[in-house]
Amino acid sequence: MAASLTGLLKPWTPRVLLVRWSRYNPYYLEPEPRKEVYHIPETELTPEQKEERELKSVRPIKAATNSVTSSVFNDPVLSKFVNMMMKDGDKIIAKGIITQTLENMKRKQVEKYHKAPEGKKAEIECNPYAIFHQALENCKPVIGLASIQKGGKFYQVPIPLTDNRRRFLAMKWMITECRDNKHRRTLMYEKLSQELLAAFSKEGNVVKRKHELHKMAESNRAYAHYRWW
Amino acid sequence: MAASGGRTVGSFLWKCGNCCFNFNTVSSNLTRQVLSRQLCVSAVLHRKNLAAAGPEKFSEEFIKKQVEEFNIGKRHLANMMGEDPETFTQGDINRSIAYLFPSGLFDKKAKPLMKHPDEVFPKQRAVQWGADGRPFHFLFYTGKQSYYSLMHDTFTKALAVEKHQDRLRGKDLFTQDAKQISLVGSRWLLKEELEELLVETISEHDYARFIQLMERLLSLPYCSVEEDFVQRYRRQLEIQSSKQQVQPLQYDQHGVAYSTGDGKQRKTATGTVLLRDSGSGSISINGTNYVHYFPVLQDREQLMFPLHFMGVLGRFDMQCSVSGGGHSSQAGALRLAISRAMLSFLSEGQVETMRQAGLLTPDPRIKERKKPGQEGARRKFTWKKR
């Protein structure tokens, strides 16, 4: 191996410091911490997966971060939500709020379950993780607006959104809604569980905000051709 | 015997130095630094570039003579050191020279060296023109004949592949999913390696054009016809998992297997772990129980991560010691130490799986430094308009 390739395997600082850079060389690949992926036998892999495996065997891999484990309770979406809720790097408090929220949601749903008649019992979702994911899905906008300057004026142009952007907007709206529009005596986890349950049944302020965004995009349809990408 | 051996070695070295001295005066562009006091052609040894500039400086017979003298000198040196001349390797030569000519000099280029003439005298081409002055190769006047002939060869191969495809289309045997050349696990030759192969200097632009042409050849569906040609210009990448150092298992007096994970760094925290294969699953950190030392769930999950990943949760007993950093970095350092200690208990395939899960890479992220003119690493001073 030439000397220049061994230089790629050390922690580096790039020559030109861009705003977004990392201590890993771009040569490194992302780790895969889930156990099930490695137990798939050779025969059930698609050719792309086989190629990916071969590539992984010759490339160095980044270290797994502190919030990632191979346990069944590890949820990347939930971790992202915890990070977004965190203030000043205090993850313990943010994680505590989320745990209390999930517990609260479970309690409410179980209460509803016990009070419901026999026919309706099967429809009530008791798994707080499932409720969280479904609520987030219901809050994700399909189309977004971008401010584009044309002829001296700024127009709100409807644009398609990437998956990451949609997820980010849903989480951001949820958190800002819970921080701003609550009574000063209600605790965060209480308000968050109320909002999540409302979003699960497609009511509540966050879903309303999503619908407003869609309406704005629909009304600005005339400017859609201002988008050049 | 020793005296005669010394004289022969000395004569070899003296002759070498003499020749080098001659060449110093004649061809100054070869030896960049003027080292008049040389015991050996050390300057040429360290030259990375090829002698592509100019006609050959050393004739064939000269190099052959140097090789013979080197071999004889090697045997004499082996006899002097009292070792077997047949199995005297380059490493042995280096050691012997360092012993016989101890040098307190710091500059590597000034130290005495004895290497095979092929490594000393750079590879060069034979004279490119005949007695009548006419060059042999038709591309001689381009200045980069090997490079351009390579480009022509590659293009000819591409045309041949296209012709093959047309023939197959004519016979209705053309299919899109023909066997493709497997490119995973190998890389293109680097520019330096290509220069070495062609014995010619090429520019970055030339190298880029060459790679472009090869990629174009590879884009044809039936390129597997020219697989040998393509593989000649690719190098295999080494398998990363072979780089892991797995220490052998140690056994204590009761016959219980144990292994240590050496102190691992994560953002100024260092941790060591002693893994014992006793089957109780108890963990003690700096003398206290891990539940008391890490009250946060995330840190305990990090400790369990390698064990859970391998499915050996209750098997090992751990005695950890950790210092420095905060609670997260200590947990990260311990996780890496545990993964490294576990390697001695695992098979090759499992080591590779652990590596791909990101458990064996030390985390290089550190606190970003503060820059001058700013308040912190990223935060700028308050902007004042005037």
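## About the model

This is a predicted model, in which local features need pLDDT of at least 70, side-chain atom pairs count only at pLDDT 80 or more, and totals for chains, interfaces and linings use all residues. Residues are numbered from 1 along each chain as its sequence is written, chains are lettered from A and ligands numbered from 1 in the order written, and side-chain values use heavy atoms, without hydrogens and water.

## The pair in chain B

Let's start with helix α6 (residues 145-170) and helix α8 (residues 204-219) of chain B, whose axes come within 10 Å and cross at roughly 15°. Helices here are DSSP runs (H or I, at least four residues), numbered from the N terminus. Axes are lines fitted to C-alpha atoms over the stretch in contact, with angles from 0 to 180 degrees between N-to-C directions. α6(B) and α8(B) are therefore roughly parallel (under 35 degrees).

Residues in contact (heavy atoms within 4.5 Å) include B:L150 and B:F155 of α6(B) and B:F210 and B:L213 of α8(B). The contact residues divide into 10 nonpolar, 1 polar and 4 charged. Ala, Val, Leu, Ile, Met, Phe, Trp, Tyr, Cys and Pro count as nonpolar, Asp, Glu, Lys and Arg as charged, and the others, Gly among them, as polar.

## The pair in chain A

How do helix α6 (residues 163-180) and helix α8 (residues 205-219) of chain A pack? Their angle is about 130°, with the axes 9 Å apart.

Among the contact residues are A:W173 and A:M174 of α6(A), and A:V206 and A:L213 of α8(A). By class, this contact of α6(A) with α8(A) has 4 nonpolar, 2 polar and 3 charged residues.

How values were computed
Helix = DSSP H or I, 4+ residues; strand = E, 2+ residues; numbered from the N terminus. Parallel < 35°, antiparallel > 145°, perpendicular 65-115°, else oblique.
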